[in-house]
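Student: I would like to go through this model and ask, term by term, what each label rests on.
Tutor: Go ahead; each answer will set the value against its criterion.

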Amino acid sequence: MPTNKQLPDAEALCAALAESMRGRVDPAATALVGIHTGGVWVAERLHAALGLKIPHGSIDVSFYRDDYHQRGLHANAKTSQIPFDVDGAHIVIVDDVLYTGRTIRAAMNELFDYGRPARIDLAVLTDRGGRELPIAPSFCPHSMSLPTAQMLALERDVDGGLSFRLIDK
Amino acid sequence: MNAFGTQQNPQLNGHGELQHLLTIEGLPREVLMRILDTAAPFTEVAEREVKKVPLLRGKSVFNLFFENSTRTRTTFEIAAKRLSADVINLNINTSSASKGETLLDTTDNLAAMQADMFVVRHASSGAPYLIAQHLAATGRDHIHVVNAGDGRHAHPTQGLLDMYTIRHYKTDFTQLTIAIVGDVLHSRVARSQIHALTTLGVPEVRVIAPKTLLPTGVERLGVRVFNDMREGLRGVDVVMMLRLQNERMQGALLPSTQEYFKSYGLTPEKLALAKPDAIVMHPGPMNRGVEIDSAVADGGQAVILPQVTFGIAVRMAVMAMLAGN
């Protein structure tokens, strides 16, 4: 099993992700939506690096999760904030780690309750494999394979620095 | 031992999670805070183009109202519908009960229709508890019970929405002086408010009422009693008015409603004794000119309509938490 020492550098991946999106997003028209909590941190970075004009949104998928009936309502649900008109918008959903794809499905379902976007893309720092739905990232600078017993989490230190950590489930 | 076995609190399941919401009394502070925290993101759902989330899709929520209440029933109905549940409203005083069916026969029949949740309003204290106990005893504890007001006992979602409102405007419960004014004797709302406020650490809870409208021993709930409204309102951060429950009034507890207004009606002049930034709350429906002056009810310090809006989010949070546990 991989150890924390073998994990990618989250800061370097943020920069690489921003570079891969440059020229493929319209600073005046593209809107980012970060998924709580790690995705919001990444969206903040991308928003600044790409000089986007539309304020970025944040989404908490607790009310749309498909495991609610098994696991109940997620504690610490946050308020989703979409500060732009979703109708006709080009939206990039931003998350830290792409895994089963279920969170992305939930986020798309939630976005459609705000309106009908013209196009949705997906940007993630890393793809750890293990997909359970037909979902693929539009922008993804890194991929790795992790056993199901491990969870990859993005963390932010007091100075705002981002790093990955492995958590044994 | 009862049908709930040795469990300490019949509202909590084996993992300490909320199974039913019957009363605020005895609920740990963490559970109350979790409900308030969970309600916050639900307030935003009402501002979307589609004012719905799919949590209770396919679930059947039965509003069992053995006692009339248009507002409470409507807010529960809206909350359940915004969670995508199917809602069935039964005004039982106009149906089976008048034909002689017992409370538990009614609930058994609805359980046989695959109910997932009962929202119960009843004139008798303890009716929701009796239903929850009966469901547990008959192995149907997957059905959740929410007390929407029982007799003089409790109205927990009203208490919770009041707490949500106070936190929204005043932030920190542990710095507040709060007065509850009016017909405490007949008020399940007052009981739920007092239990919630003391559990959440409000250092001074006052009740203001004439002796005839106070239950004996009310100070044992941890409140300071004032019979003089002017004295009781001095320096408070929050004024929680109660409705004068005309329809519950038995015998001559009060000389007249005019006399009551003079002593216990909230006028601008009496409100001026509270802190300048004090908020005024009322659970509705208001009796203008009886317990509250129109100038106060429509004034800048009243947060009575926000209470209604927050009430939907709080009821959504409660139902979503119960149905997931």
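**Labels and their grounds**

Tutor: Start with Ser84(B), which is found in the loop between α2 (70–82) and β2 (86–91) of chain B. Bear in mind that this is a predicted model.

Student: Why is Ser84(B) called partly exposed?
Tutor: Ser84(B) has 15 other C-beta atoms within 10 Å. Buried requires 20 or more and exposed requires 12 or fewer, so a value in between is called partly exposed. Ser84(B) therefore counts as partly exposed. Its phi is positive, about 75°, although Ser84(B) is not a glycine.

Student: What makes Thr171(B) exposed?
Tutor: Thr171(B) has 9 other C-beta atoms within 10 Å, and the limit for exposed is 12 or fewer. Thr171(B) is therefore exposed. This residue lies in the loop between α5 (156–170) and β5 of chain B. Thr171(B) is not a glycine either, yet its phi is positive at about 65°.

Student: Why is strand β4 of chain B described as largely enclosed by the rest of the structure?
Tutor: Because seven of the seven residues of β4(B), residues 144–150, are buried.

Student: How do you know that β3 and β4 of chain B are paired?
Tutor: Pairing requires at least two bridges. Strand β3(B), residues 117–122, and β4(B) have five bridges, in the parallel sense. One of the bridge partners in β4(B) is Asp150(B), which goes with His122(B). From β3(B) the chain crosses through helix α4 (residues 127–137) to β4(B), and this β-α-β crossover is right-handed.

Student: What makes α4(B) mostly covered?
Tutor: Eight of its eleven residues are buried, among them Tyr129(B), Ile131(B) and Leu135(B). The buried residues of α4(B) pack against α3 (103–111), β3 and β4 of chain B. After α4(B) comes Gly139(B), with a positive phi near 70°.

Student: Which strands form the open sheet of chain B, and in what order?
Tutor: Five strands form it, in the order β7-β6-β5-β8-β9, with parallel pairing.

Student: Why are β7 and β9 of chain B said to stand at the edges?
Tutor: β7 (224–226) and β9 (279–281) of chain B each have a single partner strand, so one side of each is left without a neighbour in the sheet. The twist from one strand to the next averages 20°.

Student: How do you know that β6 and β7 of chain B pair?
Tutor: Three bridges join β6(B), residues 204–208, to β7(B), and the criterion is at least two. The two strands run parallel, and Ile208(B) stands opposite Phe226(B) in β7(B). Helix α6 (residues 188–199) of chain B packs on the sheet, touching β5 (177–181), β6 and β8 (238–241), and its direction makes about 170° with that of β5(B).

Student: What are the two domains of chain B?
Tutor: The domain assignment gives domain 1 as 29–155 + 311–324 and domain 2 as 156–308. Their contact takes 20 residues from domain 1 and 21 residues from domain 2. On the domain 1 side, α1 (29–45), β4 and α11 (304–324) of chain B each supply at least two residues.

Methods. Residues are numbered from 1 along each chain as its sequence is written. Chains are lettered from A and ligands numbered from 1 in the order in which they are written. This is a predicted model: local features need pLDDT of at least 70, side-chain atom pairs count only at pLDDT 80 or more; totals for chains, interfaces and linings use all residues. Helices (H or I, at least four residues) and strands (E, at least two) are DSSP runs, numbered from the N terminus. A crossover is right-handed if, with the strands pointing away from the viewer, the path from the first strand over the helix to the second runs clockwise. Domain bounds come from an automatic or database domain assignment. Two residues are in contact if their C-beta atoms, placed from the backbone, lie within 7 Å. Axes are lines fitted to C-alpha atoms, for helices over the stretch in contact, and angles run from 0 to 180 degrees between N-to-C directions.
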